[in-house]
Amino acid sequence: MSAAFPLTLFAGHHYGVAGLGRNGNAAVHALLAMGASVQAWDDRPEARAALAAHPHLKLAPFTNMLGLAALVLSPGIPHHLPSPHPLATMAMDAGVPILSDAELLFRAVRTAGSRTRFAGITGTNGKSTTTVLLAHMLACGGIPVAAGGNLGPAALSLPLLPDDGVYVLEMSSYMLERLEQLHFDAACLLNLTPDHLDRHGDMTGYTRAKMHVFDHQGPGDLAVLGATLPDYASLNRYLAPTRATVACISGADIAQCDFYCTPHALCDRHGMIADLTHVPDLPGTHNRENAAAATAMALHLGLPRAAVEGALRSFSALDHRQKTVGSVEGIRFINDSKATNADATARALACHERMVWIAGGTAKAGGIEPLAPLFGRVALALLIGRDAPVLARTLAQHRVPYRIVETLERAVPEARETARALGVDVVMLSPACASFDQFSGFEARGARFAALVQTLAAGPEATRAQ
């Protein structure tokens, strides 16, 4: 069973926390609850106001870093590229380590005396689904588990687990660059496509950041690599000195992989592990890759082989990741708001033969040009957000029908009318863009889409009332 961390675990330690968003706020509360003293700051008055007064909390701008054991810097604040934030420079000049809250969770767990294990999952796409799926599988097997990190609860808000437990942490490249001691008993790098290059310089820097998930691994640990990784062979050779077991995984039928999927089954080198015929919430090759990765890690962490199929069958899709949020007149509305880049959207488009596609927001580098091979599946694209004209130019070049509708409020009813007129039974929000031009995040965008679909399903009176 989980428990609270000892109240004096970090007594006598002084930490700095800069940036009081989801991770920073949780870090302040957790560190204070473990007996540490904390100096915290955020330029936003509302973020500071969310922290209650505490005798060991100093809420003030940083003028120096003297006496800090570490600085917990919000993942969104750079400490290297494109240029270090002044606070990061101040910390580095003072010799104060800049750490992820996941690193502090690991230190707290070990200081508390627990030998619980850690599983780390990263990649450009699929890491959230794999994290939730692995946690679900372990829970189905009766293994104490807590999941969070880049997804869901911040790492330092998780409870203390016993020796037989497992922390399942989604790790972003930003978090992975700020580790010193964290050791993952099972670690996974699913895939890599260009993303966050402003923070890492180029693909080499991005890959280097992601590979930190395997730091400190050794014999008895598991390193999972996706078969589609660029230069898989080199990454495999990089891991050889660790002597960790390396497992290749794929969502397709690739014979040389250790875990792979046929059209109807998940298999390993010993044969079939699970029949996938009745696993509706993991559609497409990319989700089968996620299932293969989660299964490889779950088996390593103690889940019985016989329990895998039942766990997969009982899994419910992650919110905002290809989640059916309603059906109107036989038309399925699918929320894939978490698809914030073209590669993620490609995985969703490949799951459906024909659809009305809602896309747009703040475009990433490269826009939607990489989706061109899948444009034939789009009956009509409805474009929202700041960079709708940018996406429109690409669609026009490929002769894909589109309309700029600007907002979800216009897109959802228009999608229903278009789908009905064209005989299409799928409407999918898969933006291929970030959401910050119109929403606080992809979650808010997806939630608004789902609410609009529910209103549409309720009928004309509900729509007028809204």
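Trainee: Does Cys267 count as buried or exposed?
Mentor: The model is predicted, so local features need pLDDT of at least 70 and side-chain atom pairs pLDDT 80 or more, while totals for chains, interfaces and linings use all residues. Residues are numbered from 1 along each chain as its sequence is written, and side-chain values use heavy atoms, without hydrogens and water. Buried means under 20% relative accessible area, exposed over 50% and partly exposed in between, with a 1.4 Å probe and protein chains only. Because its relative accessibility is 7%, Cys267 counts as buried.

Trainee: In what order do the five strands of the open sheet stand?
Mentor: Strands (E, at least two residues) and helices (H or I, at least four) are DSSP runs, numbered from the N terminus. Two strands pair if DSSP finds at least two bridges between them. Here the pairing is parallel, and the order is E3-E2-E1-E4-E5.

Trainee: Which strands stand at the edges of this sheet?
Mentor: An edge strand here has a single partner, so one side of it is left without a neighbour in the sheet. This applies to strand E3 (57-59) and strand E5 (98-99).

Trainee: Which residue in E3 is the bridge partner of Val38?
Mentor: Strand E2 (residues 37-41) pairs with E3 in the parallel sense over three bridges. In E3, the partner of Val38 is Leu57.

Trainee: How many residues apart in sequence are the parts tied together by Phe118 and Tyr167?
Mentor: Rings of Phe, Tyr and Trp (its six-membered ring) pair if their centres lie within 6.5 Å; planes under 30 degrees apart count as stacked, over 60 as edge-to-face and the rest as tilted. The structure holds five aromatic pairs; in this one the centres are 4.9 Å apart and the planes at 25°, so it is stacked. Both Phe118 and Tyr167 are buried. Phe118 lies in strand E6 (residues 117-122) and Tyr167 in strand E8 (residues 166-170), so the parts tied together are separated in sequence by 49 residues.

Trainee: What distance separates the centres of domain 1 and domain 3?
Mentor: Domain bounds come from an automatic or database domain assignment. The chain is divided into domain 1 (14-99), domain 2 (113-314) and domain 3 (323-457). Taken over C-alpha atoms, the centres of domain 1 and domain 3 are separated by 38 Å.
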